[in-house]
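Dear colleague,

Please find the structure we discussed below. My notes on it follow, arranged by chain.

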Amino acid sequence: MQTKIKFPSKRLMLSLFICSGLVILLLNFNESSNLSFTFNALCILSGLAITFLFFVPSAIIKKRTNLDFMSFAHLKTPSAIVFISAFYAIYFVWTAEYFLLGYTDMFIKKLNTEANIYVVALILLAVCSYAAHKGVNAITRCGIFIFAFSLIAFILIFSGNIANLDFKHYGFEFSGNYNNFIENTSYFMTTSFIAVIFACVSVYIKDFKARHTAFTLGFIALLFIITMFFAWFALGSYGNSQEYRFFTLSKSSHLGVVSGIDCFYLSVSTLSVFLILSIILCCISKSTGKSGSLNIILLFSLIIFILYICSNQFNFVKEILTNHYYFNAFTFAAAVIVPTVYLFIFGRKSYV
Amino acid sequence: MLIIGDMMYNSLSENIKTLKKLFANSADLTVREMLLNGTSTVNAAIITIEGMCSKEVIALSVINPLLSFDFGVQTSDEIIDEIKRSVLTSSEIVEFETLKEAVTFSTSGFAVLAVDGTDRMLAIGVQGFSFRGVSEPESEVVQRGSREGFTEPLRINMTLIRRRIKSPDLVFETVTVGSNSNTQLMLCYLQKSVSPELLNKIRKRLDECNLNTVLASGYLSEYLEDSNAKSIFSGVGISERPDTVCGKLTEGRVAILVDGTPAVIIVPHLFVEEFQSVDDYSNRPYYATFIRILKYLSFFIAVFLPGIYTAFAQFHPEYFPTGLLIKTSESIAQTPLPVLLEVILITFVYEIMREAGLRIPKPLGHAVSIVGALVIGESAVSAGIISSSTLMVVATAAICSYVTSALYPPIMILRFIFVIIGGIFGLWGIVLTTCIVLINMCSKTSIGVPYMSSLAPFSLRSMRDVFIRADWKSLAKRTIKVQKFPETEDV
């Protein structure tokens with residue numbers, strides 16, 4: 001079902017932008033109360049600057065060969081591809097678990113405390129499997145609609161909170177220490193998984209330009225900073241004590257007589273997780289060398305679901321899977337180390 | 001055994017016998033035998049299908065000249081040539097030599113002239129069957145613009161298009177489908193605008209049509225759809241308006257006229273076209289833009305409103321504004337059925353009434369309306385079987401679904417799906433089902449052109465005729481051909 005048509009890189013970047021949006025939607029890190037908005041904004045910028053560096057190896061491969069890293073690896077090392085495929089399949093299963101667990105936790109805590117999370121996960125994976133089967137082109141086209149809806153939702157939520165902004169008690173002073181910086185930066189670095197997605201599916205895109213990546217990351221940073229700004233100055237100390245601050249932000253917004261537009265939060269977070277899981281399943285089928293194969297997609301959806309059940313049964317599994325330090329380390333290996341090794345081994349000569 | 005492609009015999013009696021056998025002595029096969037004057041008389045016959053030809057035209061322009069002409073000393077072949085050259089006054093005379101052509105011409109309303117002693121025959125254009133006149137199509141009513149609509153005979157429909165595009169660029173190409181019905185189709189396109197690859201794809205798909213009988217345009221729609229595009233939305237457009245078809249032709253599309261039906265197929269067909277109408281281009285741009293936006297909103301209301309209402313009432317009543325929540329909860333509390341069943345019930349009853357209203361004779365239609373309005377609208381609410389708010393929601397969605405009437409089938413199906421999903425899984429279920437529908441629509445193509453073109457893949461240039469309708473000065477600057485849409489596959 002994967003289309004042979006190549007699509008503009010802007011569209012993949014748009015989809016990756018929405019995928020990154022989920023990181024801020026599921027914002028649930030324990031933050032010391034002495035941290036200022038300016039400090040957090042710096043952490044955001046640092047996290048996304050590092051994410052930009054994660055794009056470099058696969059962007060070089062794309063620029064030089066017009067292939068993504070996965071196609072390049074299939075072409076250059078057909079005998080060792082099983083190991084590379086296995087490594088990336090494991091990485092993407094981890095990524096899927098990372099976001100699925102985060103999403104269902106948010107769902108059960110904030111949206112519907114009586115929901116059966118296994119049913120939620122299973123249905124979500126079934127829908128994403130269908131989308132992955134239709135291919136990355138269809139998913140990114142769908143991303144345009146999700147982006148349009150998310151934009152409306154974000155504008156409504158932000159404009160519904162303008163009246164709540166209060167600068168009297170909180171200033172723009174800079175406060176925070178090194179440990180806080182590492183903690184927060186690593187949290188915002190989780191967006192770097194989009195670099196691995198790019199490394200896997202960029203063969204489908206044409207007219208790749210590095211500035212598209214820079215713009216995308218710039219917009220992600222802007223979205224994160226605006227969200228943080230509203231969470232900080234509209235919710236105040238109440239927001240700091242709350243889990244899922246963006247949910248609280250949507251709950252506290254009011255437009256005239258209409259208040260509590262958290263249905264938009266539910267919709268946007270669901271659409272974002274749908275997009276992430278669908279693209280991840282696409283990447284998995286791509287890494288196995290069978291793009292769009294329904295059997296492969298269903299098999300890996302099943303593996304993700306079984307692992308999801310295990311992680312809910314055994315807390316230590318869940319802790320490992322949702323630890324953003326481990327996740328970032330794994331992302332670093334998948335986005336930077338492996339592609340860089342390929343770049344060094346195969347040098348500049350005879351790429352294709 | 002008779003093979004329909006066989007050559008004709010030299011003997012007239014053999015030919016007549018063969019044709020009668022082929023038609024199994026059908027009552028409408030008429031054979032008028034005659035003797036042609038000359039030094040030695042020659043037998044001839046005119047074979048027609050009763051009701052397909054004009055009897056007066058046959059008598060005046062075929063039989064009369066034939067019987068009054070002196071053929072002198074000529075062989076049968078020379079007689080045929082003479083008839084063709086200087087006897088008949090008909091403007092359309094075709095010579096042929098096979099049984100298959102004899103059958104095709106006679107069943108198409110031609111008079112077939114056979115002369116003893118030759119295997120050549122003449123088909124004379126004397127069509128004169130009765131048909132409905134050109135009238136305004138009821139399904140596509142416009143305020144400003146032409147009142148002409150297509151009718152059943154192919155030739156009249158061709159004329160309606162030719163009258164609007166008086167250019168040699170306009171081409172009609174004959175295709176026959178249906179092994180039994182031998183239905184004639186006309187591929188209609190502008191040769192400078194259409195993509196040759198697109199045209200070849202359409203020809204190939206029509207060639208692969210294995211139907212025995214083709215009685216309406218809808219029979220061919222499924223053959224024209226892309227094989228990987230299983231969807232409840234159609235990638236094949238239908239119109240009964242010649243002005244609409246002409247507009248589409250200028251954009252590089254292909255129209256397929258089917259003999260015997262006023263519905264003309266237009267391919268490729270895109271989602272955004274469902275929201276465009278001839279009136280948009282006759283009205284002022286600001287008003288046309290307003291109507292466009294209204295249509296998009298109506299589509300969303302028709303699809304989502306009952307589902308979202310069910311989800312909110314059942315799972316998220318806090319999302320209703322306070323005043324509305326009080327009214328709605330009071331109304332719902334007085335009814336015995338859960339909201340999901342109530343919405344399904346009303347929607348189902350409405351669909352039954354709609355279907356009944358379409359099928360029953362017109363004089364009875366008022367009775368159905370009265371029963372519907374009184375029983376459903378008044379009695380059911382006052383008896384407390386259904387709530388007034390639910391009734392209002394379903395009625396609003398029903399009215400909105402008629403704004404884009406061509407999309408009614410998918411709207412109806414999606415509405416039911418969203419009501420059921422909303423009632424079981426709430427808003428979350430609706431969001432996920434929307435994802436499935438969107439993915440399905442985004443992966444669909446119509447003869448290689450992405451079905452959601454202009455929106456996804458996004459084309460800023462095409463936006464001047466999607467949500468807004470730009471003024472004619474800017475629209476006229478450049479017509480965007482359908483094969484130029486982004487990500488179109490080899491067309």
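In chain B, 69% of the contacts with a separation of 6 or more are between residues 24 or more positions apart. Please bear in mind that this is a predicted model.

**Overall form of chain B**

Chain B contains 16 helices and 12 strands. Its radius of gyration is 29 Å, whereas a compact globule of 491 residues would have one near 23 Å. Along the principal axes, the C-alpha atoms of chain B fill a box of roughly 105 × 55 × 45 Å. Of the 491 residues in chain B, 37% are buried.

The domain assignment divides chain B into domain 1 (12–125), domain 2 (154–269) and domain 3 (292–443). Between the centres of domain 1 and domain 3 of chain B, taken over C-alpha atoms, there are 63 Å.

**Backbone details in chain B**

Most residues other than glycine have a negative phi, and most peptide bonds are trans.

Two peptide bonds may be taken together. Val267(B) and Pro268(B) are joined by a cis peptide bond with an omega of about -10°. Pro268(B) sits in the loop that runs between strand 10 (264–267) and helix 9 (278–282) of chain B. A cis bond also leads from Ala456(B) to Pro457(B), where omega is near 5°. Pro457(B) belongs to the loop between strand 12 (449–450) and helix 16 (472–475) of chain B.

Two residues other than glycine have a positive phi. For Asn25(B) the value is about 55°, and this residue is placed in the loop between helix 1 (12–22) and strand 1 (29–36) of chain B. For Ile447(B) phi is near 50°, and this residue lies in the loop between strand 11 (445–446) and strand 12 of chain B.

Which of these two residues is buried, and which is exposed? Asn25(B) has 8 other C-beta atoms within 10 Å and is therefore exposed. Ile447(B) has 27 other C-beta atoms within 10 Å, so Ile447(B) is buried.

**Helix packing in chain A**

Two packed helices are described by the angle between their axes and the distance between the axes. In chain A, helix 1 (residues 9–25) and helix 6 (residues 136–159) have axes that come within 9 Å and cross at roughly 55°. Helix 1 of chain A is therefore oblique to helix 6 of chain A. The crossing of these two helices of chain A is left-handed.

Which residues meet where helix 1 and helix 6 of chain A come together? From helix 1 of chain A they are Arg11(A), Leu12(A), Leu14(A), Ser15(A), Ile18(A) and Gly21(A). Their partners in helix 6 of chain A are Ile139(A), Thr140(A), Gly143(A), Ile144(A), Ile146(A), Phe147(A) and Ser150(A).

**A covered helix in chain A**

Helix 11 (residues 245–252) of chain A has eight residues, seven of which are buried, and is thus mostly covered. The buried residues are Arg245(A), Phe246(A), Phe247(A), Thr248(A), Leu249(A), Ser250(A) and Ser252(A). What covers them includes helix 1 and helix 6 of chain A, together with helix 4 (81–111), helix 9 (210–233), helix 10 (236–240) and helix 12 (262–287) of chain A.

With kind regards

Definitions and conventions
Residues are numbered from 1 along each chain as its sequence is written. Chains are lettered from A and ligands numbered from 1 in the order in which they are written. This is a predicted model: local features need pLDDT of at least 70, side-chain atom pairs count only at pLDDT 80 or more; totals for chains, interfaces and linings use all residues. Helices (H or I, at least four residues) and strands (E, at least two) are DSSP runs, numbered from the N terminus. The radius of gyration is taken over C-alpha atoms; the globule rule is 2.2 Å times the number of residues to the power 0.38. A residue is buried if 20 or more other C-beta atoms lie within 10 Å of its own, exposed if 12 or fewer, and partly exposed in between; C-beta atoms are placed from the backbone. Two residues are in contact if their C-beta atoms, placed from the backbone, lie within 7 Å. Domain bounds come from an automatic or database domain assignment. Axes are lines fitted to C-alpha atoms, for helices over the stretch in contact, and angles run from 0 to 180 degrees between N-to-C directions. Angles under 35 degrees count as roughly parallel, over 145 as roughly antiparallel, 65 to 115 as roughly perpendicular and the rest as oblique. A crossing is left-handed if the near helix is turned anticlockwise from the far one by less than a right angle, and right-handed if clockwise.
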